[in-house]
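Here's a walk through one protein model, written for someone who likes cut-offs spelled out. Have the viewer open and follow along.

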Amino acid sequence: MMATLGLDRASLSNLLTTLTERGRSLLGLSNGARAMSQAELIGLGETLLSRRGEATGVALANTLLAGYSAAAEADQLAFLNALADLFGPDMNELNAALAVVRDKGTSPDTVAKLLKAAEPRRQELIRRLNLAPGGTAALVRMREALLAHIKDHPPLKHVDNDFVHLFASWFNRGFLVLQRIDWTTPANILEKIIRYEQVHAITNWDDLRSRLAPSDRRCYGFFHPQLVDEPLIFVEVALTRDSPAAIAPLLDLTRAPIPATEATTAVFYSISNTQKGLGGISFGNFLIKQVVEEIKRELPNVQTFVTLSPVPGFAAWLARERESETSALIDASARSTLKALDTPDWADDPETAERVKGVLLPLAAYYFIEAKGSRGNPLDPVARFHLGNGAQLERLNFLGDRSEKGMQQSYGLMVNYLYALDKIEANHEAFAEKGQVATSSAVRKMLPIRALAEVSASA
């Protein structure tokens with residue numbers, strides 16, 4: 001759209017600034033941002049909804065967002081609660097539309113008017129706030145604050161639903177731009193990669209360089225035109241000769257890189273969402289698929305696409321099974337073996353580690369394939385993500401992550417999910433429609449005997 005209108009980012013920003021300044025002049029608003037009370041914020045919201053002029057609308061939106069940003073936390077929360085209480089549907093319009101439906105039936109015209117009347121007024125308010133310079137980023141921060149309060153203020157769930165509804169349109173794939181991030185990327189973006197990395201912490205600039213600069217490393221991120229220099233999500237990729245079973249060799253600063261043309265495998269070893277305010281808006285499935293296409297185009301020698309993924313929910317699940325005296329998965333012998341997990345250095349003793357491995361991997365296989373949450377999905381969030389994208393649970397890697405975080409969340413367990421390009425769609429459909437977990441025969445054979453019996457009995 002911007003290209004069609006002949007506007008680049010700077011021109012559009014200047015246009016919005018001009019509109020804002022003209023609007024302020026018309027309304028007699030000051031240029032300086034100041035903290036506003038909840039009453040002022042609510043009043044500005046009502047005024048913004050009542051105006052029709054573009055210049056005054058942009059100015060009011062900018063003033064409201066600036067006042068909200070500078071306001072005390074209590075006033076910010078009061079404004080968010082007001083969005084739930086005072087900016088719902090116009091009940092007079094809604095009742096009138098319902099009366100028309102009752103009298104004239106559900107024609108396309110009456111239904112359209114009913115849907116319009118049922119829309120909460122806060123949706124239009126959010127749309128108008130988005131017109132302010134920097135409005136999109138400010139609204140993402142506003143939703144981040146809302147999410148922090150939603151547990152203690154249940155009515156905010158309705159406001160959140162409206163944010164998600166609007167953000168899903170504003171951040172759909174058509175607006176996202178895929179960019180490769182490398183050592184020549186501007187420093188302000190590289191600093192954010194360090195800060196936003198969620199899976200394997202980047203300790204310093206040398207660590208970052210080792211992930212971006214070598215010939216066998218790639219990093220890609222999705223960007224949005226309204227969030228300048230802010231990656232929404234990024235994925236780190238290692239180009240290797242085989243599927244790795246451990247993360248330490250991939251992150252080793254002293255390793256010898258291989259030429260990209262010798263790689264046969266692309267390993268997605270870290271995927272990080274960066275904006276808490278965009279939680280629940282899915283980017284990862286699009287990102288992985290497009291990165292696969294980019295790598296295939298650049299490096300036709302790469303034929304295998306796998307992850308090396310953490311298992312963040314495994315240790316907590318296993319602790320619950322160990323605490324349960326009626327667990328069908330852990331007998332007395334297994335319970336005795338697993339006591340080793342309570343000692344800090346169990347993994348350093350080869351004999352102990354081997355005994356634990358014999359018990360841990362079958363339990364892990366059950367955790368991935370059979371253990372389900374209340375909605376019938378796998379318990380592990382990373383598993384839900386990759387399996388939902390059409391990947392296959394390919395291999396369980398014992399002690400694949402010996403870091404402190406890895407040992408705490410999964411006793412070092414890591415997983416390879418395989419993105420077999422000719423099976424992705426079928427795997428996705430089977431998972432979405434039937435909850436089936438695409439699994440390699442090697443992992444399925446690890447299922448405990450009890451679990452295998454239960455599966456057979458229920459088949």
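Start at E262: beyond its neighbours within four places in sequence, E262 is in contact with R241 and N301, where contact means heavy atoms within 4.5 Å. With R241 there is a side-chain to side-chain polar contact of 2.5 Å. A polar contact here is a pair of N or O atoms within 3.5 Å; within protein, one must be able to donate a hydrogen and the other to accept it, and residues adjacent in sequence count only if both atoms are side-chain atoms.

E262 sits in the loop between α13 (248-251) and β4 (265-273). Helices (H or I, at least four residues) and strands (E, at least two) are DSSP runs, numbered from the N terminus. E262 has a relative accessible area of 39%, so it counts as partly exposed; buried means under 20%, exposed over 50%, and partly exposed in between (1.4 Å probe, protein chains only). For a sense of distance, the C-alpha atoms of E262 and E433 are separated by 39 Å, the two being 171 residues apart along the chain.

**What you're looking at**

This is a predicted model, in which local features need pLDDT of at least 70 and side-chain atom pairs count only at pLDDT 80 or more, while totals for chains, interfaces and linings use all residues. Residues are numbered from 1 along each chain as its sequence is written, and side-chain values use heavy atoms, with hydrogens and water left out. The mean pLDDT of the protein chain is 90, and 90% of its residues reach 70 or more; pLDDT is the predictor's confidence in each residue, from 0 to 100. Two stretches stay under 50: residues 1-7, with 5 contacts beyond four places in sequence, and residues 451-459, with 6 such contacts.

Why is β2 described as largely enclosed by the rest of the structure? Because 7 of the 7 residues of this strand (residues 217-223) are buried. Both of its faces are covered, with R217, C219, G221 and F223 buried on one side and R218, Y220 and F222 buried on the other. In a regular strand the side chains alternate between the two faces of the sheet.

Strand β1 (residues 177-180) runs antiparallel to β2, joined by 4 bridges, and V177 stands opposite F223. Strand β3 (residues 233-240) is also antiparallel to β2, with 6 bridges between them; there, F222 has I233 as its bridge partner. Strands pair if DSSP finds at least two bridges between them.

**Salt bridges**

The structure holds 20 salt bridges, each being a side-chain nitrogen of Lys or Arg within 4 Å of a carboxyl oxygen of Asp or Glu. Here are three of them:

| Pair | N to O distance |
|---|---|
| D207 and R211 | 3.2 Å |
| E293 and K296 | 3.9 Å |
| R322 and D342 | 2.9 Å |

R322 lies in helix α15 (residues 314-323) and D342 in the loop between α16 (332-338) and α17 (350-369), so this pair ties together parts that are 20 residues apart in sequence. D342 is exposed, at 55% relative accessibility.

D207 and R211 are 4 residues apart in helix α12 (residues 205-212), about one helical turn. D207 is buried at 6% relative accessibility, and R211 is buried too, at 2%. E293 and K296 are 3 residues apart in helix α14 (residues 284-298), again about one turn; E293 is partly exposed at 39%, as is K296 at 34%. There's also a salt-bridge network linking E119, E124, R127 and R128.

**A buried serine**

S327, in the loop between α15 and α16, has a relative accessible area of 12% and so counts as buried. Its side chain makes a polar contact of 2.7 Å with the side chain of E321, and a polar atom of that S327 side chain lies 3.2 Å from the backbone nitrogen of L329.

**The cores**

How many residues does the largest nonpolar core have? It has 108, and F171, F314, L318, W346, F368 and L396 make the most contacts inside it. A nonpolar core is a set of buried Ala, Val, Leu, Ile, Met, Phe, Trp, Tyr and Cys residues joined through side-chain atoms within 4.5 Å. Helix α17 supplies the largest share of this core, 12 residues. A second, separate core of 11 residues includes I181, I189, F223 and F234.
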